[in-house]
Amino acid sequence: MTSDNIIEMEHVFTRFGRNVVHEDITLSVARGEILGLVGGSGSGKTTLVREMIGLDQPSAGRVRLFGEPLDKIEAETLATLRNRCGVLFQGGALFSAFTVFENVAFPLQEYRAIEPTLIRDLVYMKLAQVGLGPEVAAYLPAELSGGMVKRAALARALALEPELLFLDEPTSGLDPVAAQTFVHHLQDLHKELQFTAVVITHDLDLMRDLCTSLAILADRRIVARGAPTEMALNPHPFVQAMFLGERGQRVFGAMAS
Amino acid sequence: MATAGHVEPAGYHTRRDERGRTVVVLTGQWTLRGIDGNADALASALREHARDNDKVVWDCREVRGLDNVGALVLWRLQGFAQGHAIEVRPEHAALCERWARREPPPEGGRSPGVRPLAVLSSLGQGLRSHALEFTTLIGCVVVDGGRLLRRPDQIPWKDISASIYEAGVRALGITALVGALVGIVMSYLSSLELRNFGAPSYIVNVLGLSIMRELGPLLAAILVAGRSGSAMAAELGVMRLTEELDALSAMGISRIVRLVLPNIVALAVALPLLVVWTDAIALFGGMVAAHITLGIDIPEFVHAIPSAVPVVDFVLGIVKGAVFGVVIALIACHFGLRIKPNTRSLGVETTNAVVTGISAVIFVDAVFAIGFRGIGLP
Ligand SMILES: Nc1ncnc2c1ncn2[C@@H]1O[C@H](COP(=O)(O)OP(=O)(O)OP(=O)(O)O)[C@@H](O)[C@H]1O
Ligand SMILES: [Mg+2]
């Protein structure tokens, strides 16, 4: 049923000048799915996600978000749709003039349906959820470490309890323990809230533990789509190298046997 | 399960159980969208029940979605968290557990209001740090400039020429426009007065002297302070934001040599040339206006200029241009390097660079006017 797909992309092409990034991509994400978007560096994963949220327009093809076609949508509808999405950008994209507290509180304040007295508690809870202590709240983004930026940005992405999460490399820059905690935390949240997520990642552990399915972007197309365990059966060379390579074997080998 | 677009508002109803206790049954979506601004109303209604904690059972099993907002509303009720008689769905257990265990957030530090003495002392400190940093910048520029003179192969010619193009060539249009307009206005105003005195040919003296000695240099400098001063400060600020300054330092490349000096040299070269250009255009504008209002022929006007305006005044204008250029570039770089890696600081310091640059130009101009009052004036 189409209405149960949160995101639908049909025959999407993307070109930057003469650089063709996507060629005829058709991809849909079902409600409750955690889709891992995997591909080499520069294969166009970030661009694809930007097109899903409507930040960029594809050169050709159609994108539907929550069933609404993004190419002919009213600005107001798009804004309410985006309220239901949380985005973690690759570089964090924290507001540099705001403290961490203000960054996380900002979407809550803008949403306007939350009593101001609740916001403080919510912000500190979000920070605790991503593993940041209350002392970090007063820091400016420039005073944070790379991993802390990532966590603060995640706290902001989670602020409005989104139904749809876009995470661009959420665990890069985190130490392994933090990455593990992060995965557990998202798993818990997913059980509680049943959100849908698109996760761009190079982290094989995260693909195995968190993602319910994977889409692999190579040669400008989606070359594989399915459960993480099925990937090793795919004949495409990039998929083979990724999942049957040394590291892939280490992470996924134990599962197959 | 929360369904997109279709929200069931949060609510509750009560009943009595067989042991005579009140059972509060929470229903609907206790989520951000389910509560939707009713948090206070729901909380005050529930607070009544939460008070007699011993005789109340909280039944959360019919809740069709619980998120942090919903959990927070519930856990802020006095007595809810301590109540042992809470029944929740297994998938909500972790969230409830987290809120039950949470530590209250720290008290926000109140800002201590405005104290006049503190304001004064911070003002003094600000001035001191500006003075210190500005002096340090000048010192670094002199030292690095001196070193470059001994090692001319290291002079960043490319940066200098790019900077000259950016600050000089691209400012030709706007300086010409403003210069021409001011020349025309000056000419019209003076011609009225001069005609009354019956000395129309003195228009050459009035225009020549005022434009070459004062207006040309000042106009060009103010325009450049606005254009290039802001650009230079913002460029340095964005480089701080994106850690490019650190990358440069890590490569062992001096930011003074590569970023500050080219700007100073470029303005010191470009601004005098712009002054000549502005002088010429302003005089041309004045000349055309004089031709129309006073009927002075253009060749006649041109021939009269050398005898009406001493060469010293023209040269003084050019020298002033060079000094203004150095001052503008130094101030822009000073404020640019003070920018902290956040967007607000970028805006504030860029504005400061322009405002201070223009004020400094006018101040230096006044110093020149006093210092050279005996020279060049007929
Ligand atoms: N605004 C843009 N203008 C021109 N080209 C762009 C633009 N954005 C992206 N590209 C190009 O599109 C391609 C894909 O970029 P994208 O950022 O989507 O890669 P990615 O898969 O996210 O890579 P990474 O894993 O390194 O983050 C690259 O070749 C890039 O040069
Ligand atoms: Mg990317």
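A: Ligand 1 is surrounded by 14 residues (a residue counts if one of its heavy atoms lies within 4 Å of the molecule). The closest are A:Ser41, A:Lys45, A:Thr46, A:Thr47 and A:Gln90. The model is predicted: local features need pLDDT of at least 70, side-chain atom pairs count only at pLDDT 80 or more, totals for chains, interfaces and linings use all residues, and side-chain values use heavy atoms, with hydrogens and water left out. Residues are numbered from 1 along each chain as its sequence is written, while chains are lettered from A and ligands numbered from 1 in the order in which they are written.

Some side chains come within polar contact of the ligand (a pair of N or O atoms within 3.5 Å; within protein, one must be able to donate a hydrogen and the other to accept it, and residues adjacent in sequence count only if both atoms are side-chain atoms). For A:Thr46, a polar side-chain atom sits 2.5 Å from an oxygen atom of ligand 1. A:Gln90 has a side-chain N or O atom 2.8 Å from a ligand oxygen. For A:Asn19 the distance from a polar side-chain atom to a ligand oxygen is 3.4 Å. On its own, ligand 1 has 640 Å² of accessible area, and the protein covers 60% of that (Shrake-Rupley method, 1.4 Å probe; for residues, only the protein chains shown count as cover).

Which elements supply the shell? β2 (19-30) and α1 (45-53) of chain A each give two or more residues (DSSP runs: helices H or I of at least four residues, strands E of at least two, numbered from the N terminus). α1(A) gives the most, three residues. By class, the shell has two nonpolar, ten polar and two charged residues (nonpolar: Ala, Val, Leu, Ile, Met, Phe, Trp, Tyr, Cys and Pro; charged: Asp, Glu, Lys and Arg; polar: the others, Gly among them).

Now the partner chain. The contact takes 31 residues from chain A and 32 from chain B (heavy atoms within 4.5 Å). Across this interface, five residue pairs are in polar contact, both residues at pLDDT 80 or more. On the side of chain A that touches chain B, α4 (116-129) and α6 (176-193) each supply at least two residues. The largest share, nine residues, comes from α4(A). That side has 15 nonpolar, six polar and ten charged residues.
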